[in-house]
Amino acid sequence: MTGAVKGPAGYFPSIEKKYGRPIDEWKDLIRSSPLTRHMELVTWLKTTHGLGHGHANALVAHTLAETVGR
């Protein structure tokens, strides 16, 4: 039995559908940004790329968590 995806990744299907870009592309944008702080990146995604707060927050949280894990 497979459970529902929880946490930030739970937003990924709706992010891809709404904004038309794959998640890996969003993560690459976040990683290539000169910004490093969570809320700076969230604000940048919202103002520059038109994402909603929840979607931007989920992408940044997931991407930064991967970076810390490396």
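User: Before we go on, how do you know how far to trust the model?

Analyst: This is a predicted model, in which local features need pLDDT of at least 70, side-chain atom pairs count only at pLDDT 80 or more, and totals for chains, interfaces and linings use all residues. Residues are numbered from 1 along each chain as its sequence is written, and side-chain values use heavy atoms, leaving out hydrogens and water. The pLDDT is the predictor's confidence in each residue, from 0 to 100. Here the protein chain averages 91, and 93% of the residues score at least 70.

User: What makes Tyr19 and Trp26 an edge-to-face pair?

Analyst: Rings of Phe, Tyr and Trp (its six-membered ring) pair if their centres lie within 6.5 Å; planes under 30 degrees apart are stacked, over 60 edge-to-face and the rest tilted. Tyr19 and Trp26 have 6.2 Å centre to centre and 80° between the planes, so they pass both tests and are edge-to-face. The structure holds one aromatic pair.

User: Why is α1 called roughly perpendicular to α2?

Analyst: The axes of α1 (residues 12–19) and α2 (residues 23–32) come within 9 Å and cross at roughly 90°. Angles under 35 degrees count as roughly parallel, over 145 as roughly antiparallel, 65 to 115 as roughly perpendicular and the rest as oblique. The angle therefore makes α1 roughly perpendicular to α2.

User: Which residues of α1 and α2 meet?

Analyst: Phe12, Ile15, Glu16 and Tyr19 in α1 meet Ile23, Trp26 and Lys27 in α2, where contact means heavy atoms within 4.5 Å.

User: Is Glu16 buried or partly exposed, and how do you know?

Analyst: Glu16 has a relative accessible area of 35%. Leaving aside neighbours within four places in sequence, Glu16 is in contact with Arg21, Pro22 and Ile23.

User: And what about His55: buried or exposed?

Analyst: His55, in helix α4, has 13% relative accessibility and therefore counts as buried. Not counting residues up to four places away in sequence, His55 touches Tyr11, Ser14, Ile15, Lys18 and Tyr19.

Methods. Axes are lines fitted to C-alpha atoms, for helices over the stretch in contact, and angles run from 0 to 180 degrees between N-to-C directions. Helices (H or I, at least four residues) and strands (E, at least two) are DSSP runs, numbered from the N terminus. Buried means under 20% relative accessible area, exposed over 50%, partly exposed in between (1.4 Å probe, protein chains only).
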